[in-house]
Amino acid sequence: MKRQVPLVLVLLFGLFMIFQYFVPHESSEWVYEFLLDWIYIIGIFALALGIWSLYVVSVDKVKTRKHDWGYSYVTLAGLFGMILFGFTARHGDEWGWYLIFVACVLLTVIMSVQAMAARINKGLPLGLAGLFLLGAVLIAVFDDTWSFYFYTQEGLQSTMFRAFFDYIMMPILATIFSLLAFFIASAAYRAFRARNLLASLLLIAALIVMMRFFPYFGENVGEFIARVSSWLMNVPNLAAQRAIIIGVGLGIVATALKVILGIERGYMGKG
Amino acid sequence: MINFFDRLMRLDRRWIFLFLIVVCIIAYVSDFDVPIMPEREVETIYEFVDSLPPGEIVMIAIDYDPNNLAELHPMTYAIVEQCWRKNLKVLITSLSQNGPGMADEALRSITDSLAETKTYNGQVYEGREVVNGVDYCFLGYKPYFALVILGMGQNFRLPFPEDYYGTPLDSIPMMQGVLNYDDVACVIDLSGGNITDYWISYGQNRFNFPLALGLTGVMTAQYYPYLGSGQVFGIMGGLLGAAQYEKLVDNAGLARDGMRVQLPAHIVIILFILVGNIGFFVDRRNRHRAEGR
């Protein structure tokens with residue numbers, strides 16, 4: 001029964017989703033929209049589960065003093081800090097007790113991790129966590145320079161949220177991605193070698209495509225390279241990409257059918 | 001000489017990193033401009049947007065995170081400013097997690113730029129105030145992009161009953177009578193990930209709207225088949241694509257500036273590939289000779 005119910009559900013909903021794609025009837029659309037809502041609902045539970053999982057993994061890292069365990073505090077402080085800044089905003093230019101409130105919440109999280117990770121003497125971090133939480137609640141109740149906003153214009157325009165996104169998140173992510181250029185340069189130097197015929201063809205094609213962007217060739221050479229690179233992109237590249245896309249498409253159809261018909265059961269946890 | 005190539009083959013990668021960063025810094029501080037020659041696939045996007053009558057809606061999907069800021073943000077700046085200068089309306093959505101922050105930042109910067117009187121392609125555009133809800137509507141982010149793309153095909157209000165700022169779509173002036181993709185002139189997806197696949201297969205294929213793409217450099221070759229099949233009417237690839245678009249709209253910005261660094265960096269990479277191969281052939285020849293003895 002435990003195995004048959006999920007199989008029947010997958011079969012029914014899988015067949016319905018195929019059916020509704022080709023039948024744009026009002027009732028079919030209504031059921032389809034209803035099912036879409038369910039996907040969002042399940043997704044919200046997955047999000048909560050994800051946050052809890054991150055918290056538990058971080059606690060475990062601190063507890064067992066794994067490599068770089070100290071960064072677990074930074075991860076959790078970043079996570080809860082951004083959530084707080086997203087849901088709270090100041091009314092005007094006054095700061096009031098806002099930053100102390102944020103510090104209290106973050107210290108509550110850190111102390112709770114400390115309490116869960118501690119093997120003995122859990123009392124002190126637990127007591128401190130309670131104290132910081134009490135402080136945060138009191139500030140939230142009595143400080144009127146800021147408020148909680150859940151998905152409203154004020155919350156989304158929060159200066160702290162924007163500042164953290166614009167001046168911390170964006171530069172960090174952009175920097176990490178731009179490091180790729182250095183690794184590509186190093187990898188190209190070491191690995192891009194004309195070892196055999198196919199590797200030589202790949203190398204020549206890559207050089208031509210890269211050089212088409214070089215604007216300082218004369219008109220004739222530039223035009224020739226542009227034509228060759230255009231041919232490379234529109235003929236061999238196009239053919240290979242189409243073959244890959246068709247192959248992937250057929251693979252997706254085959255896998256979907258296997259799941260719907262109960263042949264592939266990996267999603268249930270056992271093959 | 002043999003010793004030189006031998007050492008070249010064993011070059012520590014940190015020397016490569018150092019050489020590349022020195023070239024990038026020199027290029028950045030030097031005052032020169034890279035000539036840009038727009039490609040046909042970029043021109044088609046420009047011509048399409050340029051030919052739209054005032055009041056038409058262009059939908060822009062800002063589906064990238066800060067990782068792709070350097071390549072895709074300049075495209076957003078160039079296209080949105082072009083739309084607003086031509087009095088087109090812009091409908092913005094963001095289907096990647098950090099996309100709303102990117103869109104919000106871009107909207108603020110472009111709004112500031114619109115306040116100034118500027119001349120593009122010989123035409124003077126008076127500075128004006130951009131009004132949220134009249135000139136643009138920012139729908140925001142919803143997870144599960146395939147479902148959102150399908151939902152918007154029926155009605156924008158299904159996945160987004162309210163805009164990013166919490167205003168119901170029905171009370172936004174720009175959205176009056178705007179139901180689904182049939183009411184927008186085109187969709188331009190600026191993406192740094194596989195969301196583009198979903199815009200093509202679930203969006204364009206099913207609802208048949210004109211779709212153009214702005215992609216990172218590494219993704220571009222992958223999407224040429226869709227250009228060939230007509231499912232996509234234009235592609236802007238990487239920083240160069242953004243620079244080409246900036247050239248077409250005569251609005252030199254971050255991409256034209258970035259090309260001054262990218263071009264020398266690419267030349268360095270090409271030189272490293274060539275030098276690496278010369279070293280490889282010399283090394284192989286020496287080994288063959290040694291075996292022959």
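## A left-handed crossing

α9(A) and α10(A) cross in a left-handed way (the near helix is turned anticlockwise from the far one by less than a right angle; clockwise would be right-handed). Helix α9 (residues 197-211) of chain A packs against helix α10 (residues 219-260) of chain A at about 120 degrees, and their axes are 9 Å apart. Axes here are lines fitted to C-alpha atoms over the stretch in contact, with angles from 0 to 180 degrees between N-to-C directions. α9(A) and α10(A) therefore count as oblique, the class left over once under 35 degrees is roughly parallel, over 145 roughly antiparallel and 65 to 115 roughly perpendicular.

On the α9(A) side, the contact uses A:A205, A:I208, A:V209 and A:M211, while α10(A) brings A:I225, A:V228, A:S229, A:L232 and A:M233. Contact means C-beta atoms, placed from the backbone, within 7 Å.

## Ground rules

This is a predicted model: local features need pLDDT of at least 70, side-chain atom pairs count only at pLDDT 80 or more, and totals for chains, interfaces and linings use all residues. Residues are numbered from 1 along each chain as its sequence is written, with chains lettered from A and ligands numbered from 1 in the order in which they are written.

## Where the chains meet

Chain A and chain B each put 38 residues into their contact. On the chain B side, α11(B) gives the most, with 10 residues. Helices are DSSP runs (H or I, at least four residues; strands are E, at least two), numbered from the N terminus.

## Chain B overall

Chain B has 11 helices and eight strands, and its C-alpha trace spans about 85 × 40 × 30 Å along the principal axes.

Key
Contact = placed C-beta atoms within 7 Å.
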